[in-house]
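Subject: Model for your review

Hello,

The structure follows below, together with its sequence. My notes on what was found come after it.

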Amino acid sequence: MSFPSRSGAQAEQAFYSSGPGQAGIQPRLPIKTRRLGPNKKPHNFVRRNKMANQRMMTIAIEGCCHGELDNIYGTLQHLEKVEGRKIDLLISCGDFQAVRNLDDLETMACPPKYRAMNTFYKYYSGEKKAPYPTLFIGGNHEASNYMWELYHGGWAAPDIRYLGAAGCIKFGGLRIAGLSGIYKQGDYFRGRHEQLPYNNSTMRSTYHVRDFEVHRLMQIQEPLDIFISHDWPCNIARFGNTQDLLRRKSFLASEIASGELGSPANEQLLHTLRPAYWFAAHLHTKFPALVPHNDNNLNASGSSAAQARPGSSSGPAATNAARQDGPNGSREGGARDGPEASTSGRAAETANGGGGGARQGRGHPVTRFLALDKCLPGRDFLQVVELEARGPLEFEYDPEWLAIMRSTNDTINLRHQHRPLPGMGGMRSGPKEADKQFVEQLLEKRGSQAIPHNFRPTVPAYNPAAQGPKAKGRMPTQSIRNPQTVELLDMLQLPYNLDHSESAASYARGPPSGGGRGRGGGRSGGQFMGGHSVLPQPQGGPPPPPPPASANPEEIDLGSSDAEVEASGQPPPAASNPEEIDIGSDVDEVDEHGRSQGQEDPMFQPINL
């Protein structure tokens, strides 16, 4: 079976191309790959051509963290000594595992044998200090009770910031947005009904993305520099070296062919928001891709239409006709033609994370995508890049996102049943003008957009001296109102809306203003927001079951959906999880040439920086 895709040289060249304002796609910068530190962890360092009067900053992007903060920080500190340059920001793409104590560990969805305290608690307690400002999103292995405390984003520890379930902030003047969790069709149209104490089902469904979180991100109008997700956008594999990906992950073949690999919600965001860069993790492999956006394919709302031939579709809920396209379907054009055919002369404009070509409501003409591995010896889990800094090297509020929080606050749903969204979730009107003015006046009164360092611990940290190696925690029974969340909502003059017990009465008032008819207008499918992601529409009955997962040697079955559990009356088996990724192995994969993933690839030619 063959798949249309870029050549390896094209994909790498596209991601690492350098120099704003240069015609065409420039040759990628050579990359120095080294084994660093006592664990011999590799990194890739990408150095951009510095233009006159540019102030550059160095950003490290990391894949799946899995609680290995000491190792990640240690690798970066060693890199600083070797390269003689300072790291300004660390971004982690999920499975961060901000576990504070043994009770938090009980809320993390993974088999007990993989549960470990690791090292985050040291930074939470103040025993250690994060050497770099750190930004992370959630994945599908998190201390979900703590993430709920910081649903709108906040400091998980001093200098370690959680972006929230969905959010956008600034660092160095760059706008960084992200979406936590992973996509699962059966939970997408449900509310955030999960509350403590979690059972085997809600422990897992709580990290599934919801439609109203995607809807909030869709309201972003101003161009984004970076977007972070845990799972990949649907069909992203067709914009990179698919054959190389399948050599390393052969079990993904059927999902790539059917367009089911990845998240249709992320694909919708990718082609609508059009960030300059998109970073992800989840599949434990490195994969670069280049996604061109065609400005001619814009609907009235400003969102992008299909990038390939008319009729292209994707996602778990794709129609039968779309699925029959398989590897030779309409996406073939987008993958084969590449940027050379449609975006010549524009790809390099975004090489510095925000250059020319970006327009309000339309984003950048090209998105550079990069997925990274997990933190293990010999794995490509780290990428270091230099981008132009356009502001102070500190976390700042994003004014547009604060306005969106106000405009969409009433879309947050804490009940099991779906709650219709304005325009059935397809409306992209941006924040209300009154909310934009409110935020402008608020920030002017504050005198700064800087986010206050108002971290306060809400539970005791793990104490290894007092708690022996066999000690076990207890599942928390009640959520905590984190002072940071309360202060943020108070600042925006919004009610606290994360308390399940207090939210029940509000549902009697019906859907938010401008909501769709009934339960989504009775649609069972179809394309919306430009026709990229074919997301299922909510029905009066239970959600349709997700498609069967491919056999994945790195995954363990996590179990059934809530509806299935409720119908059976039995909890799902703890060790059956299609989304659980084995985080215990440290054996390097070996490709068909007998070369381990950590071994130096001849594509990456060493140079002296």
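Helices (H or I, at least four residues) and strands (E, at least two) are DSSP runs, numbered from the N terminus. The model is predicted, so local features need pLDDT of at least 70 and side-chain atom pairs count only at pLDDT 80 or more, while totals for chains, interfaces and linings use all residues. Residues are numbered from 1 along each chain as its sequence is written, and side-chain values use heavy atoms, with hydrogens and water left out.

Helix 15

Buried means under 20% relative accessible area, exposed over 50%, and partly exposed in between (1.4 Å probe, protein chains only). The buried residues in helix 15 are Asp435, Phe438, Val439, Leu442 and Leu443. They cover an arc of only 125 degrees around the axis (from the directions from the helix axis to the C-beta atoms), which puts them on the same side of helix 15. An α-helix has 3.6 residues a turn, so residues three or four places apart point the same way. On the face turned away from the buried side, helix 15 carries the exposed residues Ala434, Glu440, Gln441, Glu444 and Lys445. Strand 15, helix 14 (399-407) and helix 16 are among the elements that cover the buried residues of helix 15, where contact means heavy atoms within 4.5 Å. Gly447, which follows helix 15, has a positive phi near 80 degrees.

Aromatic pairs

Rings of Phe, Tyr and Trp (its six-membered ring) pair if their centres lie within 6.5 Å; planes under 30 degrees apart count as stacked, over 60 as edge-to-face and the rest as tilted. By this rule there are 18 aromatic pairs. One of them is the edge-to-face pair of Tyr124 and Phe455, at 5.7 Å centre to centre and 80 degrees between the planes. Tyr124 lies in helix 4 (residues 120-125) and Phe455 in the loop between helix 15 (433-446) and helix 16 (483-491), so the pair ties together parts 331 residues apart in sequence. Tyr124 is buried at a relative accessible area of 3%, and Phe455 is buried at 17%.

Ring pairs also link Phe96, Phe120, Tyr124, Phe136, Tyr146, Tyr162 and Phe455 into a cluster.

Charges over rings

A charge sits over a ring if NZ of Lys or CZ of Arg is within 6 Å of the ring centre and within 35 degrees of the ring normal. Arg100 lies over the face of Tyr146, 3.8 Å from the ring centre. Arg406 has its charged end over the ring of Phe438, at 3.8 Å from the centre.

Regards
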